[in-house]
Amino acid sequence: MKKLISAATAAALSLCAFCSDFSIGFKPEGAVSSYTKTVYTVTSKFGDYFRTVFEKETHTFANGLETDVCVYSPKDELLRKHTNTYDSESRWTAFEYADFSTGVSLRTEFEYAPDETLRSETVTDANSGALNSKSIFKHENTKCTENLYDADGKLVTRIISSQNESGKTAEEIQYNGDGTLDSSRKYAYTEDGKNAIVEQYGADGTCTQKIVFRYDTASGFLTEIQVYNQDNKLSQRRIYKNDAFGNPVRISCYDVSEKFGTTVNELTRIEDFSYVLN
């Protein structure tokens, strides 16, 4: 399954992907000009937990819009950079992605229709300008069809999504380029429109993963994300500690399994956030 980062199709397809991509497009509340996310891997030795810096991210904002994301190694070496461009109407028009370890450098440009819906997404090599891929979107009432083509114009993936009465994505069905079903996702929301449940299904219709979002009753802030496997057993947890605005200060990721006759939550990853105010 091939899918590029897209403004129209961002979804939590797995907790691992959701953890690593959480900050992409994340807009903190309050007068934040930038923030740093430090990611730690956690290991256990002789019953004690030890954490090690895995990566650091810096996110910069201007006029409330995220302008760039830089990812650094534990030695502060720049690994990847993501730079966004907006038009006068604050629409996301393009971004450039550079991976300095592999030399890959891509530019993605978005085209909008007169009704402000996304019309196309074109990915080119940032240096040569050679076409990498192109997505074309067709909107019909509450349905959107995205066709992803490779550089030769061959259909790679088709995603058909439908919206509920509130304009939020209710279902996505993904097909391979040959027309065979790849997978599908169903979305449910709380009464105030927050994510509640995301269910992923395989080509045979079996639910392969369920993601559940939990919120604090008083504040409405996100407190936990739970992932259930194809046997509907809790397999991963992501627990949030938030500031007064609801921005995450620390996110702790756990693997859940049955060990020694009981359910064990093993801490595997920590994400710490620090914010710079205007």
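Residues are numbered from 1 along each chain as its sequence is written, and side-chain values use heavy atoms, with hydrogens and water left out.

Let me start with confidence. The term pLDDT stands for the predictor's confidence in each residue, on a scale from 0 to 100. The protein averages a pLDDT of 90, and 91% of the residues score at least 70. When I speak of helices and strands, I mean DSSP runs numbered from the N terminus, where a helix (H or I) has at least four residues and a strand (E) at least two. Among these elements, strand S9, residues 143-150, has the highest mean pLDDT, at 98, whereas helix H1, residues 15-21, has the lowest, at 39. Over residues 1-24 the pLDDT stays under 50, and for this stretch the model has 64 contacts beyond four places in sequence, a contact being heavy atoms within 4.5 Å. Where pLDDT is low, the predicted coordinates should not be read in detail.

Now to the strands, and to S15 in particular. Is strand S15, residues 222-228, mostly covered or mostly open? It is mostly covered, since 6 of its 7 residues are buried, and here buried means under 20% relative accessible area, exposed means over 50%, and partly exposed lies in between, with a 1.4 Å probe and protein chains only. Two strands are said to pair if DSSP finds at least two bridges between them. S15 pairs with strand S14, residues 207-215, in the antiparallel sense over 6 bridges, and in this pairing valine 212 stands opposite glutamine 226. The hairpin of S14 and S15 has 6 residues between the strands, and glycine 220 takes a positive phi near 80° there. S15 also pairs with strand S16, residues 234-242, again in the antiparallel sense, over 5 bridges, with glutamate 224 and isoleucine 239 as bridge partners. This second hairpin has 5 residues between its strands, and asparagine 232 in the turn has a positive phi of about 60°.

Most residues other than glycine have a negative phi, and most peptide bonds are trans. Serine 90, although not a glycine, has a positive phi of about 65°; this residue is in the loop between strand S4 (78-86) and strand S5 (92-99), and with a relative accessible area of 45% it is partly exposed. Asparagine 141 has a positive phi as well, of about 55°, and lies in the loop between strand S8 (131-140) and S9, where it is exposed at 82%.

Next, the aromatic rings. Rings of Phe, Tyr and Trp (its six-membered ring) count as a pair if their centres lie within 6.5 Å; planes under 30 degrees apart are stacked, over 60 edge-to-face, and the rest tilted. How many aromatic pairs does the structure hold? It holds 7. One of them joins phenylalanine 273 and tyrosine 275, at 6.4 Å centre to centre with 10° between the planes, so this pair is stacked.

Arginine 51 lies over the face of tyrosine 40, at 4.0 Å from the ring centre, and the charged end of lysine 186 sits over the ring of tyrosine 201, 5.4 Å from its centre. Tyr201 is also among the residues that serine 184 touches, together with Glu172, Ile173, Glu199 and Gln200, leaving aside residues up to four places away in sequence. Serine 184 is found in strand S12, residues 181-189, and is buried, with a relative accessible area of 12%.

Finally, the cysteines. A disulfide is a pair of cysteine sulfur atoms within 2.5 Å, and by this rule the count comes to 0. Cysteine 70 is buried at 8%, and cysteine 144 counts as buried too, at 12%.

Notes
A charge sits over a ring if NZ of Lys or CZ of Arg is within 6 Å of the ring centre and within 35 degrees of the ring normal.
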